[in-house]
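Trainee: I have this one open on my screen. Can you walk me through it?
Mentor: Go ahead and ask.

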Amino acid sequence: MAEAAPPSLEEDVSPALGVRPRILIPLLVALTLLIVAFGALLDGDIRQRRADDIARTTQLADHLIVGELAAGIHVMSSLAAALVRNDELRSAFTARDRDALFRASQPIFERLHRDNRITHFYYHAPEGTNFLRVHHPEE
């Protein structure tokens, strides 16, 4: 009996097996590159959206702050005009009568504190010192 020769490797490999690596390896490389490119684009898009959100939020906050400042300036301008026209305050300040100035200013300060959350009310002397702190008259 003749012994059959062991099959060679070339005989075990079918032609279909040779085609698979030639197609699958480039296909896997292409898919990997597509996934990496998609991830990079997604990351860039997320970063851009985050930057846009931050810019939009900053702009809204800026507008809000400007609006609040304008409202505060309006309140303070109106208050300053009313105080300057008040003859009782003017005469007490001119006479340097702290008690009379405090008595005349206390109701004004209480209303401003209640209505506008103003917490400090000062009178400054021409030389730059605090003449009266209505919110803390003892100081």
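Trainee: In what order do the elements run from the N terminus?
Mentor: They run α-α-α-α-β-β, and the secondary structure of the chain comes to four helices and two strands. Helices here are DSSP runs of H or I with at least four residues, strands are runs of E with at least two, and both are numbered from the N terminus.

Trainee: What should I know about the model itself?
Mentor: It is a predicted model, where local features need pLDDT of at least 70, side-chain atom pairs count only at pLDDT 80 or more, and totals for chains, interfaces and linings use all residues. Residues are numbered from 1 along each chain as its sequence is written, and side-chain values use heavy atoms, with hydrogens and water left out.

Trainee: How much of the chain counts as buried?
Mentor: Of its 139 residues, 15% are buried. Buried means under 20% relative accessible area, exposed means over 50%, and partly exposed is in between, with a 1.4 Å probe and protein chains only.

Trainee: And what share of the contacts joins residues at least 24 apart?
Mentor: That share is 41%, among contacts between residues at least 6 apart in sequence. A contact is heavy atoms within 4.5 Å.

Trainee: Which residues touch the most other members in the largest nonpolar core?
Mentor: Leu-89, Leu-101, Ile-108, Phe-121, Tyr-123 and Phe-131, out of 18 residues in that core. A nonpolar core is a set of buried Ala, Val, Leu, Ile, Met, Phe, Trp, Tyr and Cys residues joined through side-chain atoms within 4.5 Å.

Trainee: Which elements supply at least two residues each?
Mentor: Helix H2 (15–85), helix H3 (87–94), helix H4 (98–116) and strand E2 (130–133). The largest share, six residues, comes from H4.

Trainee: Take Ile-108. What does it touch?
Mentor: Leaving out residues up to four places away in sequence, Ile-108 touches Leu-79, Leu-83, Asn-86, Leu-89 and Phe-121.

Trainee: Which residues lie nearest its centre?
Mentor: Ala-80, Leu-83, Val-84, Phe-121 and Tyr-123, from a lining of 15 residues. H2 gives the most to that lining, with five residues, and H2, H3 and strand E1 (122–124) each supply at least two.

Trainee: How does the lining divide into nonpolar, polar and charged?
Mentor: It has 12 nonpolar residues, two polar and one charged. Ala, Val, Leu, Ile, Met, Phe, Trp, Tyr, Cys and Pro count as nonpolar, Asp, Glu, Lys and Arg as charged, and the others, Gly among them, as polar.

Trainee: How many salt bridges does a search of the whole structure find?
Mentor: Five. The criterion is a side-chain nitrogen of Lys or Arg within 4 Å of a carboxyl oxygen of Asp or Glu.
One of them joins Arg-56 and Asp-53, at 2.4 Å from N to O. Both residues lie in helix H2, three residues apart, about one turn of the helix.

Trainee: What about Asp-87, which residue does it form a salt bridge with?
Mentor: Arg-90, with the closest N and O atoms 3.4 Å apart. Asp-87 and Arg-90 are three residues apart in helix H3, about one helical turn. Asp-87 is exposed at 52%, whereas Arg-90 is partly exposed at 43%.

Trainee: On to the loops. Where is His-120?
Mentor: His-120 is in the loop between H4 and E1. Leaving aside neighbours within four places in sequence, His-120 is in contact with Phe-109 and His-135. The C-alpha atoms of His-120 and His-135 are separated by 5.6 Å, and the two are 15 residues apart along the chain.

Trainee: And what is phi for Arg-96?
Mentor: Near 60°, a positive value in a residue other than glycine. Arg-96 is in the loop between H3 and H4. Arg-117 also has a positive phi, of about 60°, and is not a glycine; Arg-117 is in the loop between H4 and E1.

Key: 1 Å grid on protein atoms, 1.4 Å probe; cavity = no way out; pocket = protein on both sides within 12 Å on 5 of 7 lines; lining within 4 Å.
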